Amino acid sequence: MFRPSSHLINKEIKEKKFKNLLSSITFFLFLPALIIILWLAIKGSPVLSWDFLTQDPINGMTAGGIFPTIVGTFWLVVLSVLVSCPLGVIAAIYLSEYAADNTLTRIIRLAILNLAGVPSIVHALFGLGAFVLFMKMGTSILAASFTLAVMNLPVIITSTLESLKAVPHSYREASWNVGASKLQTIRYIVLPNSIPGILTGVVFSVGRSAGETAAILFTGVAFYLPFLPRSVFDQCMSLSMHLFTISTQVVGVPDAYPYATALVLILLILSVNSIAVILRSYFRTKRKW
Amino acid sequence: MSNSTTSQAFLEWRQKKTTKPTSEKVIEFIIKGAGFSSIILIAAILIFILKESLPFLLSKFDFKEFFMSTEWYPASVVKIRYGILALLVGTVLVTVISMLIAVPLGLACAFYISEFCSPRMREIYKILIEFLAAIPSVVWGFIAIMMINPLIINTFNVPIGLNILNASIILALMSLPLIVSVGEDALRAVPETYREAAEGLGATKWEIAIRVLLPAAKNGLMAAALLGVGRALGETMAVLMATGHSIQIPQSIFEPGRTLTATIAAELGESPKGGEHYQALFAIGLVLFILSFAVNLSADYLIRGRRK
C-alpha cells in the first residue's frame, strides 16, 4: 500500500497553510469595502429621504437637501463624456486599425499611459491654466468638464482599444475581400461588433468622473451656489465637492448629513458600475466568436 | 495587342478602386488627428504648467531653498519662503508606508485569485475589485476622518488620529485594486506550460508559486507595485483629509504631515491668480508631473521588458 513519506505529508500541510493564508488575506482585503458601505448606510439612513434628494441645502449647508449637487454632477459627467467619448473612441480606432508598429505608435502608447498616471491635482492645474485662463472659459461647468474629459480620455482609449482588438481579424479580411474600403470595414464591421465593449468602458468612466473631486476643484465647482446653473458657463456644485465641504469646511453640520451624502455618491457610482458589469456579462453571452 | 489594352483597363480600374474619395480622406485625416491627441495633451499639460510656473522658476526660484528647506511660508509678512522638503518627505512617507502595507497584501491576493481560486470565485473577486476601485477618493477621505481617525486614537492611545499612519492605511486600501489586477494579469501571462512542467516534477502549488511563478512574473509584479506607487503619489483628496495638514517633517507615523498634492489643493484657491504663491504651486505641480512621469515610464519599461 502507498504510504506518503513524512516529507510528502509536510509538503501537503505547508501547501494547505499557504492556501489558507492567501485566501484569508484576500477575504480580509474585501471586507473593508463591505464594512464601509454598510456603515455609511447605517449612519446616513436617518436623513436619507426623497426630500434630502430634491431640496436645496439651507442654513449654510447644515440642513436641507443635496439637489443642486446632484444636478451639478449630472452636468459635469454628461458634458465630459460627450467630449471624451468620441475623441477616445476615434483615437482607439486609429491605434487599432491604422497605426503601424513603429516608434511613433510606441510614443502614443507611452503618452496614453502617462496621461492615465498624471495626478488628478495636476490635471486641475492644467485645466486652470488651459481652459479657465488661456481659453478664457472662466471657472465654469465647461472648463471643469473638459478637465474631466482629459482625465478620462486614456481610460476610454484603453477600454475601446481592447474591444476593437477583440474583433477577430478574419472579420476584417472578409470585409476587405468583398471590396469594402478600410473605412467601410470599420464603420460596418468593426464598430458594430465592438460597441458593447466600448459602451462598458464609457459607463465605467462615467462612474469615475462622478466621484472625481480634485480635478474640478479650481475649474468649475463652487462650495455653495444659491441657484442652479443656467448654462455651461455658470459654475455648479457637485456631490463629491459637497461631501468634502460639509465634512471638513463647514462647522455645525449634523453628523448624519455627510454620511448620507457619501452614501448617495457611492450608491450612484456603484449603480452606474453595476450597469457596466451587467452590460458586459450580457454581451459576453451574446458574443458570436 | 488586345492583351495589353485589357491590362491597361484593369490597371485603370484598380487605380480608381484604390484611390479614396475625398470624404474618406478627410475622415481618415480626422482619425489620425485624434490618434495623436494623447501626445498633444501630455505635451499641453507640461507646457501649461511650465507657462504658469515659469516666472517663479526664473526669478524667485532657488534650487537649494526649494528642495532643501522645510520652511513653506508663502504668505509670511516678514520673509516669504518656499521650501518643499517637508511636503516632499510627507509624500514619500505616506507612499512608502502605504506600499509596505499594500504590495505584499496585494500580491498575495493576486496569487490567490490567479492560482487558487475557482473560475466562478475569480469572477466574483474581479467584480469586487472593480467596486473597490470605484470608491471615489473624497469618500476615502471621509472614511479616514470618521472611521480610521477614532480607530487610531483608541488603538494606539495617541492624541490625534489624522496622521501619516491614517493616510498610509487609506492609500493602501485605495491602491490595492490596481496592484491586485495588474499583478494578476502578470501571473496569468506566465505560460501554462511552466506550471505543468513544475507539477510534473512533483512541485506543490506553494513551490510553484515561489520557485516558478515569482521569478517568471517578476517584472510584471514589480510594475504592479510601481503603478501602485504612482497612484499613491498622485492621490489628492484622501490625503488632504487624512494627513492632518501640518507642514513639518513627521518624527513618527503618529504625527501629522502634509503632501505635495494636498498643498496645491489646499492653497491654490486662496492664492491670487498670477501671483508668486500661485506660480510656486504650479512649480510643485511640475515636480509632481515629473515624479509620476518617471514612475510610469519605469513601470512601462518593466512590462515591455518582460514581453521581449
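Residues are numbered from 1 along each chain as its sequence is written, while chains are lettered from A and ligands numbered from 1 in the order in which they are written. As the model is predicted, local features need pLDDT of at least 70 and side-chain atom pairs count only at pLDDT 80 or more, whereas totals for chains, interfaces and linings use all residues.

Me: What makes up chain A in terms of helices and strands?
Reply: Chain A has ten helices and two strands, where helices (H or I, at least four residues) and strands (E, at least two) are DSSP runs numbered from the N terminus. From the N terminus on, the order is α-α-β-β-α-α-α-α-α-α-α-α.

Me: Why is chain B called more spread out than a compact globule?
Reply: The radius of gyration, taken over C-alpha atoms, is set against the globule rule of 2.2 Å times the number of residues to the power 0.38. For the 308 residues of chain B the rule gives 19 Å, and the chain has 26 Å, well over that value, so chain B is more spread out than a compact globule. Its C-alpha atoms fill a box of roughly 100 × 65 × 35 Å along the principal axes. Chain B holds 14 helices and two strands.

Me: How does the radius of gyration of chain A stand against that of a compact globule of 289 residues?
Reply: A compact globule of 289 residues would have a value near 19 Å, but chain A has 24 Å. The C-alpha trace of chain A spans about 75 × 65 × 35 Å along its principal axes.

Me: What share of each chain counts as buried?
Reply: A residue is buried if 20 or more other C-beta atoms lie within 10 Å of its own, exposed if 12 or fewer, and partly exposed in between, with C-beta atoms placed from the backbone. On that basis 47% of the 289 residues in chain A are buried, and 45% of the 308 residues of chain B.

Me: What share of the contacts in chain A with a separation of 6 or more is between residues 24 or more positions apart?
Reply: Two residues are in contact if their C-beta atoms, placed from the backbone, lie within 7 Å. Such pairs account for 76% in chain A; the corresponding value in chain B is 73%.

Me: How do you know that the length of α1(A) is close to what is expected?
Reply: The expected span of a helix is 1.5 Å times one less than its number of residues. Helix α1 (residues 6-44) of chain A has 39 residues and reaches 57 Å from its first C-alpha to its last, close to the expected 57 Å. Its buried residues include A:Phe18, A:Leu22 and A:Leu29. Among the elements covering the buried residues of α1(A) are α10 (256-286) of chain A and α5 (85-116) of chain B.

Me: Why is α5(A) called oblique to α6(A)?
Reply: Axes are lines fitted to C-alpha atoms, for helices over the stretch in contact, and angles run from 0 to 180 degrees between N-to-C directions. The axes of α5 (residues 120-134) and α6 (residues 141-166) of chain A come within 9 Å and cross at roughly 135 degrees. That makes α5(A) oblique to α6(A), since angles under 35 degrees count as roughly parallel, over 145 as roughly antiparallel, 65 to 115 as roughly perpendicular and the rest as oblique. Residues making the contact include A:Phe131 of α5(A) and A:Phe146 of α6(A).

Me: What makes α9(A) roughly parallel to α7(B)?
Reply: Helix α9 (residues 239-249) of chain A and α7(B) pack at about 20 degrees, with axes 9 Å apart. That makes α9(A) roughly parallel to α7(B). Residues that meet include A:Leu243 and A:Phe244 in α9(A), and B:Phe142 and B:Ile145 in α7(B).

Me: Why does A:Lys136 count as exposed?
Reply: A:Lys136 has 8 C-beta neighbours inside 10 Å, so it counts as exposed. The residue lies in the loop between α5 and α6 of chain A and has a positive phi of about 55 degrees although it is not a glycine.

Me: What makes B:Asn219 partly exposed?
Reply: B:Asn219 has 18 C-beta neighbours inside 10 Å, and therefore counts as partly exposed. B:Asn219 is in helix α11 (residues 218-234) of chain B.

Me: How do you know that α11(B) is largely enclosed by the rest of the structure?
Reply: Of the 17 residues of α11(B), 14 are buried, so the helix is largely enclosed.
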